[in-house]
Amino acid sequence: MVSPSRAEYGAPSPEGTAGRLGAARRSARPDDRARVEQAWRVLQDVLDPEVPAISVTDLGIVRDVIAHEDAMEVVVTPTYSGCPATEVIAQSISEAIDAAGLGPARITQRRAPAWTTDWITPEGRDKLRRYGIAPPGACASEPASAKVAPIRLMARHVPCPRCGSEQTERLAAFGSTACKALYRCVSCREPFEHFKPI
Amino acid sequence: MTAVASIEIKAAPAQEYLLRIGDTCLIHAQRLAEWSGHAPILEEDIALTNLALDLVGQARALLTHAGAALGYDEDQLAFLRDERDFRNATLVELPSRKGGRDFADLALRNFVLAAWLNVLWAKLEASSDAEVAAIAGKAVKEARYHVAHAAEWVVRLGDGTDESARRMARAVERTWPYLAELFEDDAVDEAAERAGLGPRRSALRADWAALVEPVLADARLAVPEAGQFRSTGMRGVHSEHFGYVLAEMQVLQRSYPGGVW
């Protein structure tokens with residue numbers, strides 16, 4: 001696993017910086033830009049194994065795609081420290097890149113800046129809702145001091161993904177995966193999962 | 001079947017500092033896992049194992065990072081060290097389902113530790129070690145959720161029925177003597193602070209108290225006066241309970257070296 005330093009997560013654009021592996025090893029093939037774009041398209045179909053409604057790009061965990069002479073590097077960031085899907089996701093990405101003839105794939109992890117549910121795309125949020133999972137609210141507006149929580153107060157306005165009612169209640173703070181909590185709708189009586197904002 | 005020899009750790013202060021945090025997360029998770037299938041309600045059963053999952057993830061990141069400087073990987077550090085080479089706070093190794101302890105003890109332990117970790121991770125985001133800062137940036141969000149969840153139980157039980165309040169008050173009495181260790185410095189803390197690696201433990205007390213005291217007040221729980229007892233797990237001197245924790249946690253790797261799922 002590559003340990004990124006704080007200086008390295010500036011430009012997400014594959015063309016923008018030399019990247020931590022150094023300019024010397026970066027590929028100089030004329031079709032690199034097309035290959036990187038194709039890789040991004042391939043990644044749009046690689047699904048999260050635990051929420052198989054959305055892809056890794058919908059989820060916002062692909063931080064960079066870089067063409068090297070000997071490999072196509074995909075930089076991913078973990079959702080939760082202990083997320084058991086991390087290894088399966090890396091394997092799925094690797095297989096998809098290889099199958100598209102863009103490989104060999106090289107998966108590296110970039111831990112900082114930490115993933116936030118704010119990076120889930122608008123399309124990803126729609127897909128979650130259609131799948132029956134209430135998407136997370138925004139957390140970007142929170143002040144840094146909110147990272148140390150005052151006391152047991154969390155925003156709890158989670159509209160039902162099925163009927164849209166705001167009359168919902170939390171059944172459990174944790175759900176079937178690390179990223180979800182369990183709710184139920186008081187209006188339509190359906191239980192549903194909520195993707196926790198972090 | 002051949003048992004493997006233990007590894008011995010000669011850690012510099014920086015690794016010592018990281019092992020204290022990583023081991024505290026790891027052993028806390030191990031004790032939480034004992035509750036799988038035994039929590040009072042199904043939702044809490046799932047919650048406790050989810051908390052443990054986050055803690056194991058945080059421990060893995062820290063042990064991997066500290067281990068890189070020590071020449072060991074996360075698995076060797078977790079499964080092949082003996083008691084004296086673990087640096088977790090004593091509190092996390094104490095039984096939480098036996099010896100008269102019950103769910104009240106666990107809820108309180110979860111709360112005080114989540115608050116401690118929340119405050120610590122927030123300060124570690126400014127670490128001079130970029131990897132530590134990155135690990136903290138992720139973990140601080142998880143710890144915050146843990147604080148919120150655990151606080152709800154502390155209030156529900158402390159300000160609940162006579163029986164739940166009695167049990168929670170006893171849990172406070174049993175837990176509080178082990179908290180001093182979380183806030184007192186030694187040479188490792190001083191070295192970490194000098195290097196910009198992370199805060200000294202005494203620097204966590206004010207923020208921790210600001211998180212914990214309002215919840216205890218809501219729970220109608222009185223804080224005991226400070227006593228003389230000092231636990232020493234972070235120096236590698238553990239309670240009589242710890243060997244049993246390691247025996248259960250390590251038995252597979254000790255008996256079947258390198259075994260994988």
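Guide: H1(B) is mostly covered, with 18 of its 21 residues buried. Here a residue is buried if 20 or more other C-beta atoms lie within 10 Å of its own, exposed if 12 or fewer, and partly exposed in between, with C-beta atoms placed from the backbone. Helices (H or I, at least four residues) and strands (E, at least two) are DSSP runs, numbered from the N terminus. This is a predicted model, in which local features need pLDDT of at least 70 and side-chain atom pairs count only at pLDDT 80 or more, while totals for chains, interfaces and linings use all residues. Residues are numbered from 1 along each chain as its sequence is written, and chains are lettered from A and ligands numbered from 1 in the order in which they are written.

The length of H1(B) can be checked: at 1.5 Å a residue, its 21 residues should span 30 Å, and its end C-alpha atoms are 30 Å apart, which agrees. The expected span is 1.5 Å times one less than the number of residues in the helix.

One partner of this helix is H7. Helix H1 (residues 13-33) of chain B packs against helix H7 (residues 187-195) of chain B at an angle of about 105 degrees, and their axes are 9 Å apart. H1(B) is therefore roughly perpendicular to H7(B). Axes are lines fitted to C-alpha atoms, for helices over the stretch in contact, and angles run from 0 to 180 degrees between N-to-C directions. Angles under 35 degrees count as roughly parallel, over 145 as roughly antiparallel, 65 to 115 as roughly perpendicular and the rest as oblique.

On the H1(B) side, the residues that meet H7(B) are B:Pro13, B:Ala14, B:Glu16 and B:Tyr17. Facing them in H7(B) are B:Ala187, B:Val188, B:Ala191, B:Ala192 and B:Ala195. By class, this contact of H1(B) with H7(B) has 8 nonpolar, no polar and 1 charged residues. Two residues are in contact if their C-beta atoms, placed from the backbone, lie within 7 Å. Ala, Val, Leu, Ile, Met, Phe, Trp, Tyr, Cys and Pro count as nonpolar, Asp, Glu, Lys and Arg as charged, and the others, Gly among them, as polar.

Now the chain around the helix. Chain B has 9 helices and 0 strands. Of its 261 residues, 51% are buried. Its C-alpha trace spans about 50 × 45 × 35 Å along the principal axes. A compact globule of 261 residues would have a radius of gyration near 18 Å, and chain B has 18 Å, which agrees; this radius is taken over C-alpha atoms, and the globule rule is 2.2 Å times the number of residues to the power 0.38. Among contacts in chain B between residues at least 6 apart in sequence, 76% join residues at least 24 apart.

B:Arg220 lies in the loop between helix H8 (205-218) and helix H9 (242-255) of chain B. Its phi is near 60 degrees, a positive value in a residue other than glycine. With 13 C-beta neighbours inside 10 Å, B:Arg220 counts as partly exposed.

Chain B also touches chain A. The contact takes 34 residues from chain B and 25 residues from chain A. On the side of chain A that touches chain B, the residues divide into 17 nonpolar, 4 polar and 4 charged. Chain A itself has 4 helices and 7 strands.
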